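Please work through each task before reading its solution.

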Amino acid sequence: MSQASREPEILVAASDTELSSLGAEVVARAIDEAVRDRGVARIALSGGSTPAPTYRALAGYQLPWSQTEWYLVDERAVAPDHERSNFKMIASALDPAIRAGGKLTRMEAERVDREAAARDYEKRIRLSFGVTSAVALDVVVMGIGDDGHTASWFPGRGSTAIDDRLVAAVEASDGLEPRLTVTVPLVMTARLVVVLAKGAAKRGPILRALAPGSNEEVPARVLATASGRVVWVVDEAAAP
Ligand code: 6PG
């Protein structure tokens, strides 16, 4: 695993609107640069409640959407039209970009054989890069839970130790549905990781994530060892 290469950047927004516009701007720039440099931008997005306004703001940009590929960071074991489906939220927020040619591939976390669904998703990602190229997403958008989870790496579940796959079937905590999630190796190789967080309840977990310690206790600590840029976009209440 790569060592920490740079300090995280922390952008503090004065309002919800500023948080979404800052988040969207950082992601939009990275998409623009990826398309210019490599002809395609590959982005993985988290679900949860914080990012929808950022995704809507992003979809309002004029970008070469037909050269963008969108993946999910994680998905809950629910049907794609379920109100807790991350795909449903992302597809709706990004609708203008998808209509303009962006390709969004959902995770089929509702399948009975979730291990097979995870393998299929990994294949889809690898196919996009081709057999001879290393997998390196241009942008990964993450969130952080009150318990310090990020993606679907929940504390005490061993998910941050998975290093032999890019996508895995995992268990969540607190009676939440099982999940499919991208794994640490996929996030570690991304060129840019953007973490969106708002509200006072996120301040403690963010402070813990930025401090050294066990990844198993605070999975978001893993982000400190990402090889790409890590940008936290937070509101004043969540600011560490
Ligand atoms: C999910 C997520 C998850 C999320 C955090 C923060 O499916 O639940 O992808 O990792 O990013 O739980 O969620 P909020 O934005 O709702 O606080």
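**Exercise 1.** How many nonpolar, polar and charged residues does the lining of the second largest pocket have?

*Solution.* The model is a predicted one. Step 1: the second largest pocket has a volume of about 270 Å³. Step 2: its lining comprises 13 residues, and those closest to its centre are Val26, Ala30, Glu33, Leu192 and Arg229. Step 3: sorted by class, this lining has 6 nonpolar, no polar and 7 charged residues. Step 4: helix 1 (residues 16–38) gives the most to the lining of this pocket, with 8 residues.

**Exercise 2.** Describe the pocket in which the ligand sits.

*Solution.* Step 1: the ligand sits in the largest pocket. Step 2: this largest pocket holds about 370 Å³ of space. Step 3: 25 residues line the largest pocket, with Gly47, Gly48, Ser49, Arg76 and His149 closest to its centre. Step 4: strand 4 (74–76) and strand 9 (192–197) are the elements that give two or more residues to this lining. Step 5: the lining of the largest pocket divides into 8 nonpolar, 10 polar and 7 charged residues.

**Exercise 3.** Identify the surroundings of the ligand and its polar contacts.

*Solution.* Step 1: the ligand is surrounded by 15 residues, the closest being Ser49, Thr50, Asp74, Ala151 and Lys202. Step 2: this shell divides into 3 nonpolar, 8 polar and 4 charged residues. Step 3: a polar side-chain atom of Thr50 lies 2.6 Å from a ligand oxygen atom. A backbone N or O atom of Ala151 lies 2.6 Å from an oxygen atom of the ligand, and for Gly47 a backbone N or O atom lies 3.1 Å from a ligand oxygen. Step 4: the ligand taken alone exposes 420 Å², of which the protein buries 89%.

Technical notes
Residues are numbered from 1 along each chain as its sequence is written. This is a predicted model: local features need pLDDT of at least 70, side-chain atom pairs count only at pLDDT 80 or more; totals for chains, interfaces and linings use all residues. Side-chain values use heavy atoms; hydrogens and water are left out. A residue is near a molecule or strand if one of its heavy atoms lies within 4 Å of it. A polar contact is a pair of N or O atoms within 3.5 Å; within protein, one must be able to donate a hydrogen and the other to accept it, and residues adjacent in sequence count only if both atoms are side-chain atoms. Accessible areas come from the Shrake-Rupley method with a 1.4 Å probe; for residues, only the protein chains shown count as cover. On a 1 Å grid over the protein atoms alone, a cavity is a set of points where a 1.4 Å probe fits but cannot get out, and a pocket is an open set with protein on both sides within 12 Å along at least five of seven lines; lining residues have an atom within 4 Å of a point. A molecule sits in a cavity or pocket if more than half of its atoms lie within 2 Å of its grid points. Ala, Val, Leu, Ile, Met, Phe, Trp, Tyr, Cys and Pro count as nonpolar, Asp, Glu, Lys and Arg as charged, and the others, Gly among them, as polar. Grid points are joined across faces, edges and corners, and a volume is the space filled by probe spheres set on the points. Helices (H or I, at least four residues) and strands (E, at least two) are DSSP runs, numbered from the N terminus.
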